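Here are my notes on the aromatic rings in this entry. Please keep the coordinates open while you read.

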Amino acid sequence: MENRSSEISGFYKLSVDERLKILESFSDLSPEEIETLRMQGSLGTELADRLIENVVSTLELPVGIAPNFRINGKDYLIPMAIEEASVVAACSNAARIARVSGGFVSESTEPIMIGQIQIVKYDSLEKLKSTILEHETDIITLANTRSRTLSSLGAGAKGIEIRTLDDPQKSVVVHLLIDVRDAMGANVVNSMCETVAPYLEEITGCRTNLRILSNLTPHRVSRSRAIFKRDLIGGEAVVDNIISAYQMANVDPFRAATHNKGIMNGIDAVLLATLNDWRSAEANAHTYHVLTGNYSLTRFSKTPEGDLMGEIEIPIAVGTVGGSTNTVKKAAIYRKILGVENSREFANVLAAVGLAQNFAAVRALSSEGIQKGHMSLHARSLAASVGAEKEEIDLISDTMIKNGTISMSKARELLEDIRKRTNK
Ligand code: MEV
């Protein structure tokens, strides 16, 4: 198992069956699991109806695999659910380049989440704070009654912070700092906040209002870095352009929104394939710059050898226990393919994917532009959508790209021509 290599050239040229064969051996998938992947949907409306409310149907998305990832010395095939062409190809390509220099080196902090309890209407701020601090141990003990599992693991609520805000009521917010181990943590954090709030009211005589986790997780942060060799990415000018693109994103919120969106293209796609909460990941990532003052979640610099060093620092709250992954068969299989054993490893992988995706986008923007690669994939998808098969797809997309007209009607016209010529 440990010697498996995720380095696969030409994965995109294989048929779906051939790709499934690779997954079968790389991820030790059983015949039943392969059959489930072949099925059009493993989430029936009956199960869907148990997951959310007012269900009328389900929605399908393409899931692609990004090969070539090596993170902390381990090889990964990364499942990505996304509707946008180019993302999976770009991610795999970035991983292929990073691999030449040993791949990604990722690390994540302890999984500490924050639960917020808002206190409004108090007389003396100093008295309020000192009362809360005097009862810190009791507050933590009470919070920990909500999770025997976390307590037995030596995790759970660990401490408190008190903040005063500048809202019209000058709210005081008590932060519960909670080690949630391998969970994403939303449920346990919310339960702890709701348990502690009445006790805070009792000891302070004040009213509490909001009792909910914060989706901003500055104590639960992942970092990843990789070196992209200058000669593999178009030379010194491209290295310099990428650094300059990053520098622009770091000071310009308009560019940062797009730059960071590129990062989330990768991270969200993995979260979606494995049925994790990608909205919280989005909110977390996009709010982080408010704390750090750096708009860009990545950083690019030049190594002494003139290669490009890419780094990402991103808060990631993701779990491998709880959540919906195991409820939906396909999501569970995608998690198995991903092969992460705990929430830290999962976060390490996501950080590397975010960096890879961002590098790929900024590199394309810093050299030939984003449309070239995008349009060739778009051309292939148009060809497929008018009914072209196998070699017809290549022929039609190559012709459309060569002639500079990429449209559904052109694809249809070319398909008719081909079929007339081949009497199909
Ligand atoms: C498109 O989905 C993402 C990009 O716009 C990201 C970027 O501009 O860095 C290509």
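1. Which residue lies over the face of Trp 278? Arg 279 does, at 4.4 Å from the ring centre. A charge counts as over a ring if NZ of Lys or CZ of Arg is within 6 Å of the ring centre and within 35 degrees of the ring normal. Arg 4 also qualifies: its charged end sits over the ring of Phe 26, 4.4 Å from the centre.

2. A word on the basis. This is a predicted model, with local features needing pLDDT of at least 70, side-chain atom pairs counting only at pLDDT 80 or more, and totals for chains, interfaces and linings using all residues. Residues are numbered from 1 along each chain as its sequence is written, and side-chain values use heavy atoms, with hydrogens and water left out.

3. Now the ring pairs. Rings of Phe, Tyr and Trp (its six-membered ring) pair if their centres lie within 6.5 Å; planes under 30 degrees apart are stacked, over 60 edge-to-face, the rest tilted. The count is three aromatic pairs. Phe 104 and Phe 228 pair edge-to-face, 6.5 Å centre to centre, with 70 degrees between the planes. Phe 104 is in the loop between helix 4 (87-100) and strand 3 (105-108) and Phe 228 in strand 8 (residues 221-228), so this pair ties together parts 124 residues apart in sequence. Helices (H or I, at least four residues) and strands (E, at least two) are DSSP runs, numbered from the N terminus.

4. Phe 228 also stacks with Phe 359: 3.8 Å centre to centre, 5 degrees between the planes. Phe 359 belongs to helix 13 (residues 343-366), 131 residues from Phe 228.

5. Burial next. Phe 104 and Phe 228 are both buried (under 20% relative accessible area; exposed is over 50%, partly exposed in between; 1.4 Å probe, protein chains only). Phe 228 has a relative accessible area of 0%; Phe 359, also buried, has 1%.

6. Ring pairs join Phe 69, Phe 104, Phe 228 and Phe 359 into a cluster.
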